[in-house]
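Subject: Handover of a structure

Hello,

I am passing a structure on to you.

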Amino acid sequence: METVRALVNPVPSITPYHTVNEVGDLLLSDVYRDALSLPIVEAGKPVGAITRHTVMRIFLNRFGREIFGDNPVGKFMDREPIIVQANSSIETASQQVSERIRLPLTEDFILADGEQYVGMGAVLSLLSLLQTQLEQRSQALAEANVRIRASQAQLIQSEKMASLGQMVAGVAHEINTPLGYVGGNLQTAQLLLEDLRQGQQAGRDLLAALLAPATSPEQLEQTVAHAGTLLGADAPDFTADLDTLFADALYGVEQITDLVGNLKDFSRLDRAASENVDIVDCIESALKIGHSHLKHRVEVVRDFDAVRPISCIPSQLNQVFLNLFANAAQAIEGKGKLLIRVKEETAGIRIQIQDNGRGIPPDVLDRVFDPFFTTKPVGQGTGLGLSICYQIVQQHKGRIDVWSREGVGTRFSILLPFTGETQATVEQAL
Amino acid sequence: MTTRARVLFVDDDERILRSLTLLFRSRYDVTSTVDAQEALEKLRHGQFHVLVSDQRMPAMTGVELLREAREIAPDTVRMLLTGYSDLAAIVGSINEGEIFRFINKPWDVGNLQATLQQAVEIACTTSAPKADGIIDITEKTLARLAVLDTEGGLHRLLLQGSYDASQLRHYTSVKQLLEGLQHAPPAVLVTDVTTAEGDISDLVKGLKREHPEMLTLVVTAFQDAKLLTELINEAQVYRVLPRTASATLLRSAVEAAFTRHALLQRLPSLTRRYTVDTPSRTANAGISAQLGGYLQRLRARQNSLA
Ligand SMILES: Nc1ncnc2c1ncn2[C@@H]1O[C@H](COP(=O)(O)OP(=O)(O)OP(=O)(O)O)[C@@H](O)[C@H]1O
Ligand SMILES: [Mg+2]
């Protein structure tokens, strides 16, 4: 902690027995040139102070110097000078001084260690010290502010990376199944092709043997027999297998194309606002991406009305839905249900996402949208999911509410107005 | 072989089943189903050499299916073929499924053919008794237990599980362990995969290759799906346990391993069921070198004895 010791001006003190004349002379000397008042000390202890102002007033009286000049200064001194402990903080000292100081400024204050005189301090120096300190503090505050913003941005970034990572892992898994049979089928087809090639060769050999005049009957018989085993009525027909292999492979490629297409839509970085967005499409796309969270474990029930298109930022709404699906999936232990409702209301489109998971205890219900609120173990949840949902919905001029009962389930309800302005979002976008 | 080996495939995607069937139809008698319950039914009523299951299926997970299959048809060699390498599935497939191989989708046809062939051969030449219970407890007490543990926590935990300290060999470094092994390999080895000496998975793999009858219990932080998969395919670890495992949990895993070891002593051909894949990589050159030295010394000794 910074103390006012830094201010100490160790001017020699005077005694109460110095005469007024002597004090007047001292005030003119170089040592005391800047002093507003002189410390009066007896046996090391400050007992008073005399200001330049007081001395001048004495001298300004008619015959003042003659009448009072030889008097001891103790007679005129301020017996209760401002004494500040040298080890007090700048704030404490300022407070003490400002409580006692008279205006205009006519005095300095005494600095002491306990009862011992240390030196004098000037009010103006104290003020400038105070100011420097304030400046330092506000700079530190500004720096802290920058740091906090940076770390918050980092957290949000890491949340985004985490959800992206989850998404990519999920989709990679989704792709592995079709990729499995596409690759497998092509390799199997290659093997079958080898068999077909042998059959074809046997056919060619047979034809050549038939056309060559030099072929002996034994040779011909052998060639016919060989062609017979490979191509005869009892020989396996691989073409049907090939049809199946290729049809399945093509289907798999279509599946993969579809998934990758969704992923692309999903992570569009332009954050472009679009008009005429069908919310149901958004939800379906988020469901496809989140499929691996839900697959087999969570039954998705859709209750979708045909709704008017709205203008919104689809990639952001996708993120909202994906977050809500992920939360629901995490709240459901074992098997469960996810009910998704889309309805048109006069004010806008209502989307409800309801799960029958463990629910949220009432005492934390109003904190779930707070940034960093999470009940998940460190490393599993950043607690930013819902706060990001909240911000995105707000940017769409909409609202998001939660209803929950422990052991029964949780419902998030979102209202997106038809007239939702979306320009603001671009600048505010996370 | 006069009759063809029987292989059962289970996957909820019929295209996967078709793909596998068309690939293997010419070599094996292939049966396939999208329904895990039906698969269990088939295992109850007919003999299969190999069972290959998907992990994520609607009614039952692959691990659940394999666990039940282990009870119903212990002879059938079990494999998991999955596009989801989630940790829970891998750990479950070791501890509950006791699987022979964990294979990721998409698969390579050549590798899959080789693996399946190996599994079929093993199933045809060995047979697992229905229950481990036939083993006499006295056989178990003869078994030796070793722990590799630099910090001492694992060792303490084993002692807490009321293991007799005189039965328990405590090694604090890989070097020490390898010296000890030269005299007599233990029945059961308990170790972490990352110790003060770094990643020692190469050691775990190499030791299983050399001493297939030694059962390994691995304690790990459960973070690395790839490492755990390797520990199945290339080290055939008997159990994996979390670092936070209790003394009781550890003890019951050790007991199970002893029982299994006694079984392997009695029916040595069964060790073929723990055949490992060639390691796909070297994780730690220092450990690999030490292991190499150990194997050399071992060979030299075997030669001089012969
Ligand atoms: N559907 C739900 N059912 C039960 N609890 C929920 C549900 N959705 C949210 N919560 C509770 O609200 C908390 C905050 O959710 P939020 O999505 O903001 O963060 P998180 O899910 O913990 O972390 P992240 O989204 O970063 O993975 C959760 O930890 C959970 O306790
Ligand atoms: Mg969340």
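Among contacts (heavy atoms within 4.5 Å) in chain B between residues at least 6 apart in sequence, 69% join residues at least 24 apart. This is a predicted model, in which local features need pLDDT of at least 70 and side-chain atom pairs count only at pLDDT 80 or more, while totals for chains, interfaces and linings use all residues. Residues are numbered from 1 along each chain as its sequence is written, chains are lettered from A and ligands numbered from 1 in the order in which they are written, and side-chain values use heavy atoms, with hydrogens and water left out.

Confidence

The average pLDDT (the predictor's confidence in each residue, from 0 to 100) of chain B is 88, and 94% of its residues score at least 70. For the complex, the predictor gives an ipTM of 0.79 and a pTM of 0.67.

Chain B overall

Chain B has twelve helices and twelve strands. These are DSSP runs numbered from the N terminus, with at least four residues (H or I) for a helix and at least two (E) for a strand. Of the 306 residues in chain B, 55% are buried. Buried means under 20% relative accessible area, exposed over 50%, and partly exposed in between, with a 1.4 Å probe and protein chains only.

Helix H8 (residues 174-183) of chain B has as its buried residues Val174(B), Leu177(B), Leu178(B), Gly180(B), Leu181(B) and Gln182(B). They pack against strands E6 (145-148), E7 (168-171) and E8 (188-192) and against helices H9 (201-210) and H12 (285-305) of chain B.

Helix pairs

Two packed helices are described by the angle between their axes and the distance between the axes. Axes are lines fitted to C-alpha atoms, for helices over the stretch in contact, and angles run from 0 to 180 degrees between N-to-C directions.

In chain B, helix H1 (residues 14-24) packs with H5(B) at an angle of about 70 degrees, the axes being 12 Å apart. H1(B) is therefore roughly perpendicular to H5(B); angles of 65 to 115 degrees count as such, under 35 as roughly parallel, over 145 as roughly antiparallel and the rest as oblique. On the H1(B) side the contact is made by Leu20(B), Leu23(B) and Phe24(B), and on the H5(B) side by Val109(B), Leu112(B), Gln113(B) and Leu116(B).

Helix H2 (residues 36-45) and helix H3 (residues 62-72) of chain B pack at about 15 degrees with axes 10 Å apart, so H2(B) is roughly parallel to H3(B). Ala36(B), Ala39(B), Leu40(B), Leu43(B) and Arg44(B) of H2(B) meet Leu65(B), Glu68(B), Ala69(B) and Ile72(B) of H3(B) in this contact.

Backbone details

Lys105(B) and Pro106(B) are joined by a cis peptide bond, with omega about -5 degrees. Pro106(B) sits in the loop between strand E5 (101-104) and helix H5 (109-125) of chain B.

Which residues other than glycine have a positive phi? One is Lys397(A), at about 60 degrees, in the loop between helix H12 (385-395) and strand E11 (399-405) of chain A. Another is Gln236(B), with phi near 45 degrees, in the loop between helix H10 (225-233) and strand E12 (239-242) of chain B. Lys397(A) counts as exposed because its relative accessibility is 51%, whereas Gln236(B), at 5%, counts as buried.

Regards
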